[in-house]
Amino acid sequence: MLAAISLKGGVGKTSVVLGLAASAWAAGHRTLVIDLDPQANATAALDPHPYEFTTNDVLADGRQGIAADAIVGSGWGPGIDLIAGERALEHRAHAEGADSALRLRTTLVGALDRYHTILIDCPPSLGELTRNALAAAPAALIVTEPSYFALQGAEQALEAVDIARAATNLGLRPAGIVVNRVRHSAEHSYRLDELRRAYPLLVLDPPIPDRTAMGAAQGAAVPITALRSKSARDLVALFTELADNIEEGLS
Ligand SMILES: Nc1ncnc2c1ncn2[C@@H]1O[C@H](COP(=O)(O)OP(=O)(O)OP(=O)(O)O)[C@@H](O)[C@H]1O
Ligand SMILES: [Mg+2]
């Protein structure tokens, strides 16, 4: 189980979650996406079957194992499910009560046994929703673009992982830093090198390039594996390699 985090918005957390989900699902792995973002972009892209409960309801309820009741199928096809996000999650951005950050973990107990790949999409902040994800997942995937702020953003995300480890989740590990939306430019090469120098063991290969297929798949609510363009096929191969490298790094 991986939680995709960054404090900066729009760097590609949701896209990386969907890319990894598509490649895992296409490889025949049972996959679950948990959408903790009030924007619910992952939910929209996964074209969910009709559902009654969301991560907001699950967190409000808090009972052990209750998340199982909120799992719903995806229009992508059999073998991939989600727990939907919704706007009302906005009201859960702040701690409430002593074990506030542990609520997600408690609700997931026993609900995940049939899944090989579980991905949590977080909002663009290191607030209470992300803390819930970091308390529940054994590993955190940091997502960044190769920008001027990337180094600082990665540092702050890694700090959040350290804090969550100490506070709620002793086994939590960084799964690595995914560099997304890389273009062929001197600036991007420079920023990628800068990240690799700062975090030689954490920056993951391959970086994910900027490709129009990413937005096209999301807009059509289909997995990138469903698109025939070269751009889409390249992305599928890259996400498959990325997933392998993440798994190898964690094993
Ligand atoms: N590798 C890529 N190539 C092309 N477009 C991309 C790529 N990654 C992300 N995008 C596009 O950039 C936009 C932001 O990406 P995304 O929604 O995945 O970021 P995010 O970090 O989840 O944002 P937020 O912080 O708001 O949740 C989307 O329109 C998405 O389609
Ligand atoms: Mg997102």
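In which hand of crossing, left-handed or right-handed, does α6 pass α7? The crossing is right-handed, a term for a near helix turned clockwise from the far one by less than a right angle.

This is a predicted model, in which local features need pLDDT of at least 70, side-chain atom pairs count only at pLDDT 80 or more, and totals for chains, interfaces and linings use all residues. Residues are numbered from 1 along each chain as its sequence is written, ligands are numbered from 1 in the order in which they are written, and side-chain values use heavy atoms, without hydrogens and water.

**Helix pair.** Helix α6 (residues 150-167) and helix α7 (residues 186-198) pack at about 35 degrees, with axes 10 Å apart. Contact (heavy atoms within 4.5 Å) joins A150, L151 and A154 of α6 to E194, L195 and A198 of α7. By class, this contact comprises 5 nonpolar residues, 1 charged residue and no polar residues.

**Ligand 1.** Among the 19 residues around ligand 1, K13, T14, S15, P209 and Q218 come nearest; a residue counts if one of its heavy atoms lies within 4 Å. The shell divides into 9 polar, 5 nonpolar and 5 charged residues. Polar contacts (pairs of N or O atoms within 3.5 Å) include the following.

| Protein N or O atom | Ligand 1 atom | Distance |
|---|---|---|
| V11, backbone | oxygen | 3.1 Å |
| K13, side chain | oxygen | 2.7 Å |
| N180, side chain | nitrogen | 2.9 Å |

Taken alone, ligand 1 exposes 630 Å², of which the protein buries 83%; these areas come from the Shrake-Rupley method with a 1.4 Å probe. Two or more shell residues come from each of α1 (13-26), β7 (173-182), β8 (208-209) and α8 (212-220). Helices (H or I, at least four residues) and strands (E, at least two) are DSSP runs numbered from the N terminus.

Technical notes
Axes fitted to C-alpha atoms, helices over the stretch in contact; angles between N-to-C directions. Nonpolar A, V, L, I, M, F, W, Y, C, P; charged D, E, K, R; others polar. Polar contact = N/O pair within 3.5 Å; in protein donor to acceptor, adjacent residues only side chain to side chain.
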